[in-house]
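The entries below follow the order in which I went through them.

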Amino acid sequence: MRDDELRTNPDAVAGAPAARIGLHRVNGTTLYAEVRGSGPAVLLIPGGAEDAEGWRAVAERVPGRTVVTYDRRGTLRSGRSDWPGRGSVQHADDAAALIRELGLGDVVVFGGSSAGVIAVQLAIRHPTLLQRALVYEPGYLRAAREGANIRSLVLGAVEAHLGIHPGDWVGAYRAFARAAEPTAGPLTPPTGRDWYGQREELNAEAMVRDDIPILTAEAVDEASLASTPVDVRFSYGSETAAIFRDIAVRLAAVHGGVPVVINRVGHALYLQPDAAAAYLGRS
């Protein structure tokens, strides 16, 4: 499948205004971005194997806001200069540069899973750009008791697959999902959500080469998280696996709060655009 064959998100809002699309030269690379609406700004950072089109249905449902979705460095329509290898610091600096390029201020940033790691880093490194950081089930596996074990399992599964099938990023992504499921629950779209699965497979290489080996290896700088002036709000879904709940609870406590529980959702929040948009609208 190609990008142009999967450009219509099945959950898109009928008749929604077209996005303002741009390819922006920032921080030594190019970032593909879509801007919708007007009002206070919200930046949606895509997680592993996600991109702007995957978050489209959420963006179209958030009223009264300027909502920005984009492809991270290394993902589909964005550049790959100096990638992968520099982890959340690079991705956070990319997001900050995009915010400045678009002329946005007092931004609410959202990131879930591996994108939650980036959102935390953005709040630490660029606090003057943000009003608030909404961090959903961040992928700081080292912050959970079972984290080292699950990380070892998924890395082993990915490396074993690539050892037999070099360059088969889609197969490696599927191997990751099978290895993760017993502890982390389903991390890929369920039956009936085939469009999302196909879209994620377009971005499988970025997930396999960046998010899995690099972002999940990171540890949060707890002193910096505790001291950032940004209003960082952690959350988790009522239907999620215990490991993600535990990470959110621990990091919320570091920042001096308690996490928000979003009812009837699991780890892949963007698969439920109404719930995701409602949470963003309240925040």
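I began with a facing pair: Leu134 stands opposite Arg233 in β7. Before going on I noted that this is a predicted model, in which local features need pLDDT of at least 70 and side-chain atom pairs count only at pLDDT 80 or more, while totals for chains, interfaces and linings use all residues. I also noted that residues are numbered from 1 along each chain as its sequence is written, and that side-chain values use heavy atoms, with hydrogens and water left out.

Strands here are DSSP runs of E with at least two residues, helices are runs of H or I with at least four, and both are numbered from the N terminus. Two strands pair if DSSP finds at least two bridges between them. Strand β6 (residues 130-136) pairs with β7 in the parallel sense over five bridges. β7 also pairs with strand β8 (residues 260-262), again in the parallel sense, over three bridges. There I found Tyr236 opposite Val261 in β8.

I then asked how many of the seven residues of strand β7 (residues 231-237) are buried. Buried means under 20% relative accessible area, exposed means over 50%, and partly exposed lies in between (1.4 Å probe, protein chains only). Five of the seven are buried, so β7 is largely enclosed by the rest of the structure.

β1 and β2 run antiparallel and are joined by seven bridges. Leu23 stands opposite Tyr32 in β2. Four bridges join β2 to β4, and these strands are also antiparallel. Glu34 has Thr69 in β4 as its bridge partner.

Most residues other than glycine have a negative phi, and most peptide bonds are trans. I searched for exceptions.

β1 and β2 form a hairpin with two residues between them, and Asn27 in the turn has a positive phi of about 50 degrees. Asn27 is partly exposed, with a relative accessible area of 38%.

Ala49 is not a glycine either, and its phi is near 65 degrees. I placed Ala49 in the loop between β3 (41-45) and α1 (56-59). Is Ala49 buried or exposed? At 3% relative accessibility, Ala49 counts as buried.

The peptide bond from Trp83 to Pro84 is cis, with omega near -10 degrees. Pro84 is in the loop between β4 (66-70) and α2 (87-101).

Asp210 is found in helix α7 and is buried, with a relative accessible area of 1%. A polar contact is a pair of N or O atoms within 3.5 Å; within protein, one must be able to donate a hydrogen and the other to accept it, and residues adjacent in sequence count only if both atoms are side-chain atoms. One of 2.8 Å joins the side chains of Asp210 and Trp83. Contact means heavy atoms within 4.5 Å. Not counting residues up to four places away in sequence, Asp210 touches Arg72, Trp83, Pro84, His91, Glu205 and Leu215.

Glu218 is in the loop between α7 (204-211) and α8 (222-227). A salt bridge is a side-chain nitrogen of Lys or Arg within 4 Å of a carboxyl oxygen of Asp or Glu. For charge, Lys and Arg count as positive and Asp and Glu as negative; His and the chain ends are not counted. Glu218 is buried yet has no salt bridge, and the nearest side chain of opposite charge, Arg142, is 8.6 Å away. The side chain of Glu218 does make a polar contact of 2.5 Å with the side chain of Ser88.

**Nonpolar cores**

A nonpolar core is a set of buried Ala, Val, Leu, Ile, Met, Phe, Trp, Tyr and Cys residues joined through side-chain atoms within 4.5 Å. The largest has 62 residues, and those with the most contacts inside it are Leu43, Ile45, Leu122, Leu130 and Phe176. A second, separate core of 24 residues includes Val67, Phe110, Tyr136 and Tyr270.
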